[in-house]
Amino acid sequence: MPDDTPRFTEVAPRVWVAHYDWMHVNITLVGGSDGLLMVDTHGSAAEARIVADDVRRLGAGPLTGLVNTHEHWDHHFGNATMVEQFGDMPIHATDWAAEHMEVSSAHTFEKYEQDTAHPRRDEILATTLRLPTRTFSSAVQLDLGDRAVELIHPGRGHTAGDLVVRVPDADVLLGGDLVEESDPPFIGDDSWPLEWPLTLDLVLGLMTDTTVVVPGHGKVIDKEFVQDQRTELGVIAETIRDLASRGVPQSEALAAGEWPWERERLGSAVRLGYEHLPRSQKRLPLI
């Protein structure tokens, strides 16, 4: 029996968000007189076909463009399916994300080749990669006909190539994985934990007190939530700097620090933080 669950909910005028249980991913549609812009496309061809059905069920217009907020697979493995379902269209991303997407995807395919017990293994491996076709370095404005949408690279954080999407006339900001609601933001091996708080400062500067914020994963949030998350990321960054400046070895830093999140989430943050610190801040302990 076909799934006719209505998923897209209008969170602001002509801005719809659909939340999917798998990985708590959010897919957003921004409507203009020229059609719909989709931000992120989910993590497999099979899941993207469900998203495509949901777009048709919404009936808000033709899909005419895609945006990938960064290079991680769960945000762009649906690209090829959207083009197959709706026709050729531009796919937007930062220069960094586009340049690193193929390598990042290869690592994902390799991981799931080896993980023979994963319930989603076959559908992930059956996905065809489709790379972005239009890229930018710092900011670009997209014309949707009767409204403009801004794509902005605010700095390094979750990855080196994150973008946020601003819909000024609707007071909506799509934060990608720079902001998370379902879990604390993921600090992985390609993250920049020391720069992330400063990047969020720029993101916060794009918001008003009434801005609707759509995270990459989880429930729709507000500016206050982003401010709280920025504070937590700032504590992590300053704790790393403090430990390194006091000569605490990297191998002991995780146990020595007072952290706002569980230590098991912060192994990469500590390692990368120590690696990214200027040499002058890495001091040997005094004897």
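Me: Is the crossing in which α5 passes α6 left-handed or right-handed?

Reply: α5 passes α6 in a left-handed crossing. That means the near helix is turned anticlockwise from the far one by less than a right angle; clockwise is right-handed. Helices here are DSSP runs (H or I, at least four residues), strands likewise (E, at least two), numbered from the N terminus.

Me: What kind of model is it?

Reply: It is a predicted model, in which local features need pLDDT of at least 70 and side-chain atom pairs pLDDT 80 or more, while totals for chains, interfaces and linings use all residues. Residues are numbered from 1 along each chain as its sequence is written, and side-chain values use heavy atoms, without hydrogens or water.

Me: Back to α5 and α6. At what angle do they pack?

Reply: About 160°, with the axes 8 Å apart; α5 covers residues 196–205. Axes are lines fitted to C-alpha atoms over the stretch in contact, and angles run from 0 to 180 degrees between N-to-C directions.

Me: Which residues make that contact?

Reply: On the α5 side they are Trp-196, Pro-197, Leu-198, Leu-200, Asp-201 and Leu-204. On the α6 side they are Lys-223, Val-226, Gln-227, Arg-230, Leu-233, Gly-234 and Ala-237. Contact means heavy atoms within 4.5 Å.

Me: And α6 with α8, at what angle do those axes cross?

Reply: Roughly 60°, and the axes come within 10 Å; α6 is residues 223–245 and α8 is residues 267–276. α6 passes α8 in a right-handed crossing. From α6, Ile-236, Ile-240, Leu-243 and Ala-244 make the contact, and from α8, Ala-269, Val-270, Gly-273 and Tyr-274.

Me: New topic. Where does His-72 lie?

Reply: In the loop between β5 (63–67) and α2 (79–86). His-72 counts as buried, at 13% relative accessibility. Buried is under 20% relative accessible area, exposed over 50%, partly exposed in between (1.4 Å probe, protein chains only).

Me: What does His-72 touch?

Reply: Beyond residues up to four places away in sequence, His-72 touches Ser-104, His-158, Thr-159 and Asp-190. With the side chain of Asp-190, the His-72 side chain makes a polar contact at 2.8 Å. A polar contact is an N or O pair within 3.5 Å; within protein one atom must be able to donate a hydrogen and the other to accept it, and residues adjacent in sequence count only if both atoms are side-chain atoms. His-72 and Ala-106 are 34 residues apart along the chain, and their C-alpha atoms are separated by 11 Å.

Me: Is Asn-79 buried or exposed?

Reply: Asn-79 is buried, with a relative accessible area of 0%. Asn-79 lies in helix α2, and its side chain makes a polar contact with that of Asn-68 at 2.8 Å. Neighbours within four places aside, Asn-79 is in contact with Thr-41, Leu-66, Asn-68, Ile-91 and Arg-130.

Me: What about Thr-127, where is that found?

Reply: In the loop between α4 (121–125) and β7 (134–136). Thr-127 is buried at 7% relative accessible area. The Thr-127 side chain reaches the backbone oxygen of Glu-123 at 3.1 Å. Leaving out residues up to four places away in sequence, Thr-127 touches Ser-44, Ala-45, Phe-77 and Phe-109.

Me: Last one: what is the phi of Arg-14?

Reply: Near 60°, a positive value in a residue other than glycine. Most residues other than glycine have a negative phi. Arg-14 lies in the loop between β1 (9–12) and β2 (15–20) and is partly exposed, at 30%. His-24 also has a positive phi, near 55°; its place is in the loop between β2 and β3 (25–32).
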